[in-house]
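Work through the exercises below with the model open. Each task is followed by a solution in steps.

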Amino acid sequence: MERRLWYTAPASKWEEALPIGNGRLGGMVFGGVAKETVQLNEDSLWYGGSIRGNNPDARTNLPKIRQLLMHGKQNEAEHLARMALMSSPKYLHPYQPLGEMLLWTQGHEGLVEGYERELDLEDAITRVKYSRNQVLYQREYFSSAVDQVMAVRLTADVPGAITVGVNLMRRPFDEGTAAAGERAIMMSGQCGPGGVQYAAAVSAAAEGGTVRVIGDFLSVEGADAVTLLLAANTSFRHPDPKQTCLDQLQAASLLSYDELRERHVSDYSAYYERVKLELHGSANQAAEAGPEQSQKLATDVRLQRLAEGAEDAELFALYYQFGRYLLLSCSRPGTLAANLQGIWNASFTPPWESKYTININTQMNYWPAESGGLPECHEPLFDLAESMLASGGTTAREIYGCQGFVAHHNTNLWGDTHVEGVLVSSSIWPMGAAWLSLHLWEHYRYGLDEEFLRRRAYPLLKEASLFFLGYMTEDGAGRLITGPSLSPENRFIRPNGETGTLCMGPSMDSQIVHALWSSCIEAQRILGMEDGFLRELEEALAKLPQPEIGKHGQIMEWLEDWDEADIGHRHISQLFALHPGEQIHVRRTKELAEAARRTIERRLSHGGGHTGWSRAWIVNFWARLEDGDEALSHLRQLLTHSTYPNLFDAHPPFQIDGNFGGAAGIAEMLLQSHAGELALLPALPAAWSSGKATGLRARGALTVDLEWEEGLLKEASLTAKKSGDCCLSYGAGSIVIFDGDKRIGEHTGSAAAKIRLEAGKTYRVISHTDV
């Protein structure tokens, strides 16, 4: 089935342009005619250098801040914390745009016919075509991970019809462009005091016509076709980024455009084609607007129709694959982790500095990686976490007097970990390193690679766990609690009417530590490291506060049953235990699951879910509660209220985490594998009455294919990479599992099927009625 975004007019603004990227080098293609703009990014182009901002007065004032909080002196505690804990300078430096590549095409002003632009998700190529004066012009754009260049191909069906001028610009910080040979130009400079050196170069190879440098332009005149190659680098990776650009252009120029394109498509397709998804509505919906009819409509038109109430199941499948495309385009092995905008940022003062916000946003970027068959795309996040070890160890000692490593709510290119910002309501939150470490554990759970667990995951889990053993204190009830900390980024109301943010023992902290210590304990047992550290963790784990139900029937957000100052807050931090955590389970902890449902409903009734990423998290919550219709309702709202015409997520403004959270939610609706159970179609909505998914991954080193009709499982297959036990469930339905022709288990709707899987084998699952 065709998977593309397409439109009938050029982008009039950035949020309509189409993204391309190779993990490191990104572009936003506007599709202009007389003037084409490709806005450029390189993932290591951040302003300035590393910041060591740990407050020297923090450690001596920490006991006093805790004492004030425990005695209910809210204002005094927050006043002292603002001065004693916050860093100087206050903010991390921003991620920056590289600039723009501009193509000025001669004689293309005025009327054009048959205009169309598209982003083809199956080959990661953006195309533009149109006719003018009976000449058909076509352009292709892609960013190659194989050859580390961006390629643009201009063609016309009449010889000599292409005359175009190309230049580079970095307004308002343009440091100039100059010739870099007879057929190339280069711009270069430094990104702020102490910042990286950068360079970008463009070369042109024409078929027919001439190519020359005039001023700071590449001029192509009277060509039949032309290939533009762009390379960009910084001193973060290369001591001489200018020479690296020239070397990359030279290597790529030895290949024909067709060879470059074939290498790019082959590399990309090897990842993208691992997972396929088809979603279809009922027969009545199909008759009204089936997938063939829907695909005849431009993407912005389909979004508008969805907002007006039309059904379009395949649009959600397109959105899912767009999420996988974005992850492949902004996070590859060897690149930096995806930031708040992936790699696509046009502003020198971007929202929230376009950095790594690690109190959910950066983590959400990677929720679809494992289940979506892109575990390699997860690796840059592991690199980021490991880069924070040294800084995080220093922060742990200097701020808290603890072992291990710690990070707060933001970090950057350099892995800085201090208490960054000016707002107590977000900054003083020491859980960032712990949550990031859990991503390495999840990677292990999906692949069961013990060498990865030993070499990369366990060291981070241990260092993060060590920090909390020293940092947490016992309250009057003998519970181990964090603090000073907060529940991102909400405020509470004390019984005396005083509002505050800073507190001891917020629920999310306890839930993250529970997941961290539980994972660290299990990792030690898998690796045969059962020792005194394991027993210390087990004893501490038993003292953690558990999720509790408050006076509104909700999961309590704080250690005390305080009311929220903003009941409809975008963060729903107390439900970490539901997703991505596993303490709350729809069947195993029914009372807590019902309280989680009440928590979501209460947030929503007061305006919650008003940002794109928050709505995406809510999709995942409903999926975990196995309510497919509610999950789809919020997925629909994500697309109709928080999605730009190019399918980018709108916080607003643009933040890419909603795209990734939404994609993860779709996978979670179809397959879940947490809490030791593999659940097939756990949250299938009625509107997706039939469909097919192949290549989804599950914890336990499993690959799962699914096919369903009229809302019921038709057939599934499980392929095991490693041998192990599997607990398989299918809601209230009945299924039978086969190893070849041998019946090895069944699920009757009341008890899950417990089966043993052998590495290398594929097992068939069918409906009990089809046996």
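**Exercise 1.** State where V422 lies in this predicted model, and decide whether V422 is buried, partly exposed or exposed.

Solution. 
- Step 1: V422 sits in the loop between β19 (410-411) and α12 (424-427).
- Step 2: The relative accessibility of V422 is 35%.
- Step 3: Buried means under 20% and exposed means over 50%, so V422 counts as partly exposed.

**Exercise 2.** Which parts of the chain does the salt bridge between D416 and R52 tie together?

Solution. 
- Step 1: The side chains of D416 and R52 meet at 2.4 Å, N to O.
- Step 2: D416 belongs to the loop between β19 and α12, and R52 to the loop between β4 (35-42) and α1 (58-70), so the pair ties together parts 364 residues apart in sequence.
- Step 3: D416 is buried at 0% relative accessible area, whereas R52 is exposed at 57%.

**Exercise 3.** Describe the salt bridge between E376 and R274.

Solution. 
- Step 1: The closest N and O atoms of E376 and R274 are 2.9 Å apart.
- Step 2: E376 is in the loop between α9 (361-365) and α10 (379-387), and R274 is in the loop between α4 (257-272) and β17 (276-280); the two are 102 residues apart.
- Step 3: E376, with 22% relative accessibility, is partly exposed, and R274 is partly exposed with 33%.

Terms used:
Residues are numbered from 1 along each chain as its sequence is written. This is a predicted model: local features need pLDDT of at least 70, side-chain atom pairs count only at pLDDT 80 or more; totals for chains, interfaces and linings use all residues. Side-chain values use heavy atoms; hydrogens and water are left out. Helices (H or I, at least four residues) and strands (E, at least two) are DSSP runs, numbered from the N terminus. Buried means under 20% relative accessible area, exposed over 50%, partly exposed in between (1.4 Å probe, protein chains only). A salt bridge is a side-chain nitrogen of Lys or Arg within 4 Å of a carboxyl oxygen of Asp or Glu.
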